[in-house]
Amino acid sequence: MSHMMHRNLRQTPPVAVSAQGMLVRDSEGKTYIDACGGAAVSSLGHGHPDILSAMHRQIDRNAYAHTAFFTTDVAEELADRLIAGAPDGLSQVYLVSGGSEAMETAMKLARQYFVETGQTQRTKFISRRQSYHGNTLGALAVGGNEWRRRPFAPLLIDVARVAPCYEYRDRLPDQTQDQYTSALLKELDEQIHASGPQNIIAFVAEPVVGATGGAIPPTPGYFRGVRSLCDRYGILFIADEVMCGMGRTGTMYSIEQDGVSPDIVTIAKGLGAGYQPIGAVLAQRALVDQLRKGSGAFQHGHTYIGHPVAAAAALAVQKVIERDDLLAAVRLRGESLRRMLQAEFGSHPNVGDIRGRGLLMALELVKERDSKQPFDPARKLHASVKTKAMANGLMVYPMGGTIDGVHGDHILLAPPFIATEADLSEIVSRLSDSIAAALD
Ligand code: PMP
């Protein structure tokens, strides 16, 4: 019996003993193709020699330096690189240890900005019902995942919510895509008024929804509309790119594809690509300048911010992405994966939707394709697909949840950027067997 508290408290998962490239091997000698990068983390696959040697070098030079005393060349160079590729105006970087910490940091930075400008009445956030922003109390409060929130609900700050941009389920048959998008923006405008525009700190959203529904991209123009509403009322826009950022969707930041610049962006997962726990917050210079001019300090901090080994790993990841032209690879392989999924599942009676951006793709499983009727939640189909996939030597990320009273079973695919066509084809074939076995 393991003394570790695993996610499933009744079951000990296989013991991972080694990993290389697309493959993870367990203590029984069984190998698994990593088709989801864990949770969209391992973007360069496992055991990448360049990242390992960058980490070794940094450990030998200086494994730790507290940011109250020092900065490091690796942290500075990483920040420079992140900014060089970021949407307009994002010019300040704060390094943390993961996605939830990045979200807490973003929320506090946004709040402190308004305190510094004398707008202390701004205390509210607006987010979307289909969202996941992390498991710490602040991030959990803005997230819309009801199952994760339920036991902790009395401890969470009150957050206003609007509908997600979830075209597959929510666009009405007689609505054009533009009409659907306008209706969503009208709802956001109304929610802003219901909360009082002068009381809102920020609107928070994932440019491509990840862990609560899987790889759901926005409709064209949605985020341009969000940006202009935020501008109209002086509200900040926080883009949570923890899952969809760092090249996962074919551009370094997914929001680039929507043509807008957020005030604050959070990243993690692909930033360290799993080699080290690291996240970051990018902010517009004007925000941070306000703090500089005012109290002169950001009232925040964690022991491991700017960790040099984590920064060295993330910097090496950035260099490999550039040297090996991996953003282009993501776009190319993303299209291949979409084609293969369409060919395999395009007319499958239980696959309602195939969607995503770049190498962040998902299937939504339904009982009946035409009516989009979901499976009974008690069946936990997403979880059985994962179990069958593991038996078939395949790692895929399962998600089940209820949005607006409708249950969803989703399978997320986020293969490493180094995946070949042959890898993708093997992934789709094993996934097909696993879905068939789960439905049996
Ligand atoms: N935001 C998003 C969009 C995420 O997908 C996640 C993790 N699934 C988080 C925040 C939280 O990140 P972490 O698990 O590193 O705390």
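## Model and confidence

The structure is a predicted model, in which local features need pLDDT of at least 70 and side-chain atom pairs count only at pLDDT 80 or more, while totals for chains, interfaces and linings use all residues. Residues are numbered from 1 along each chain as its sequence is written.

The average pLDDT (the predictor's confidence in each residue, from 0 to 100) of the protein chain is 97. A score of at least 70 is reached by 100% of the residues. The model has an ipTM of 0.99 and a pTM of 0.98.

## Overall fold

The protein chain contains 14 helices and 15 strands. These are DSSP runs numbered from the N terminus, with at least four residues for helices (H or I) and at least two for strands (E). The C-alpha trace spans about 65 × 60 × 45 Å along its principal axes.

Of the 440 residues, 50% count as buried. A residue is buried if 20 or more other C-beta atoms lie within 10 Å of its own, exposed if 12 or fewer, and partly exposed in between, with C-beta atoms placed from the backbone. Two residues are in contact if their C-beta atoms, placed in that way, lie within 7 Å. Among contacts with a separation of 6 or more, 73% join residues 24 or more positions apart.

## Helices H8 and H9

Two packed helices are described by the angle between their axes and the distance between the axes. The axes of H8 (residues 177-195) and H9 (residues 222-233) come within 10 Å and cross at roughly 25°. Therefore H8 is roughly parallel to H9, as angles under 35 degrees count as roughly parallel, over 145 as roughly antiparallel, 65 to 115 as roughly perpendicular and the rest as oblique. Axes are lines fitted to C-alpha atoms, for helices over the stretch in contact, and angles run from 0 to 180 degrees between N-to-C directions.

On the H8 side, the contact involves Thr181, Leu184, Leu185, Leu188, Asp189 and Ile192. H9 contributes Tyr222, Gly225, Val226, Leu229 and Tyr233.

Gln130 sits in the loop between strand S5 (124-128) and helix H5 (137-142). This residue is buried, because 27 other C-beta atoms lie within 10 Å. Beyond four places in sequence, the contacts of Gln130 include Gly144, Pro164, Tyr166 and Ile403. Gly210 is 80 residues from Gln130 in sequence, and their C-alpha atoms are 9.3 Å apart.

Leu326 belongs to helix H12 (residues 326-345). It has 21 C-beta neighbours inside 10 Å and so counts as buried. Leaving aside neighbours within four places in sequence, Leu326 is in contact with Gly247, Ile321 and Phe417. A separation of 8.3 Å divides the C-alpha atoms of Leu326 and Gly250, which are 76 residues apart along the chain.

## Two positive phi values

Most residues other than glycine have a negative phi. Met246 has a positive phi, near 60°. Met246 is in the loop between strand S8 (236-240) and strand S9 (264-267), and is buried, with 30 other C-beta atoms within 10 Å.

Lys372 also has a positive phi, near 60°. Its place is the loop between strand S12 (360-365) and helix H13 (381-391). Lys372 is partly exposed, as 14 other C-beta atoms lie within 10 Å.
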